[in-house]
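Let's walk through this model together, from its overall build down to single residues. Take a look at the sequence and structure first.

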Amino acid sequence: MAKIEKYELVKSKLLYECPHCRFELQSKLKEAGKSDSCPSCNGLFEVPGVAHREAYETELAAIDQKKTQGKEAAKEARFQKQEQKAQQNRDKHAAAEVAETHRVAQAKEAAPLDQVTYLHNMDAKLGDIRLMMFLIFALIVLVTILSCVGSGLVFMQGR
Ligand SMILES: [Zn+2]
């Protein structure tokens, strides 16, 4: 079968001449490598452009693969997002449960805790009152001693 070396590729169409009668022919790029016959002289030949077709197909495959990868990545991202959301919900639920448990425990302890606080506060107040009373008492004693000393001095001077 006649091979054709010379051809042109214009917008995925192969332009070439019949190797037998030089009739101008054109084929689609995807037909490159297939056998065909000239409509003018019926001579058989192999459609040229196999290298171009293979390069084109490789490119298409790469684009396809990229698309597939993109889709898979998007799918994975969606899945991860959903999983994250689910995890957040689980965390929220767990946190709510912990909070509820905590609240119940606090409610149980609330009364005794309040009593303890109350007694503690009362204790502090009583301590304050005792300190104040002691200070007043000390002041009275001091004033008494001073007045005693003062009147003693007046008495001694008067003599
Ligand atoms: Zn021909």
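Two strands pair if DSSP finds at least two bridges between them. Strands themselves (E, at least two residues) and helices (H or I, at least four) are DSSP runs, numbered from the N terminus. With that in hand, 5 bridges join strand β2 (residues 13-17) to β3, and the two run antiparallel. A word on the source: this is a predicted model, in which local features need pLDDT of at least 70 and side-chain atom pairs count only at pLDDT 80 or more, while totals for chains, interfaces and linings use all residues. Residues are numbered from 1 along each chain as its sequence is written.

Now step back to the whole chain. The protein has 1 helix and 5 strands, and from the N terminus on its elements run β-β-β-β-β-α. The radius of gyration, taken over C-alpha atoms, is 53 Å, well over the 15 Å that the globule rule gives for 159 residues, so the protein is more spread out than a compact globule. That rule is 2.2 Å times the number of residues to the power 0.38. Along its principal axes, the C-alpha trace spans about 165 × 45 × 15 Å.

The protein is divided into domain 1 (7-48) and domain 2 (61-138), with bounds that come from an automatic or database domain assignment. The C-alpha centres of domain 1 and domain 2 lie 78 Å apart.

How many of the 159 residues count as buried? The share is 6%, where buried means that 20 or more other C-beta atoms lie within 10 Å of a residue's own, exposed means 12 or fewer, and partly exposed is in between, with C-beta atoms placed from the backbone.

Let's return to the strands. An open sheet is formed by 3 strands in the order β1-β2-β3, with antiparallel pairing. Its edge strands are β1 (7-10) and β3 (24-28), each of which pairs on one side only. From one strand to the next, the twist averages 25 degrees; axes here are lines fitted to C-alpha atoms, for helices over the stretch in contact, and angles run from 0 to 180 degrees between N-to-C directions.

On one side of β2, the pairing with β1 covers 4 bridges, and V10 stands opposite K13. These two strands form a hairpin with 2 residues between them, and K11 in the turn has a positive phi of about 50 degrees. Toward β3, K13 stands opposite K28 and E17 opposite E24. The hairpin of β2 and β3 has 6 residues between the strands, and R22 takes a positive phi near 65 degrees.

In a regular strand the side chains alternate between the two faces of the sheet. In β2, L14 and Y16 make up the covered face, whereas K13, L15 and E17 lie on the uncovered one. L14 and Y16 turn up again in the largest nonpolar core, which has 6 residues, including C18 and L25. Such a core is a set of buried Ala, Val, Leu, Ile, Met, Phe, Trp, Tyr and Cys residues joined through C-beta atoms within 7 Å.

Finally, look at L119, which sits in helix α1 (residues 50-158). Is L119 buried or exposed? L119 counts as exposed because it has 10 C-beta neighbours inside 10 Å. Its C-alpha atom is separated by 112 Å from that of M1, 118 residues apart along the chain.
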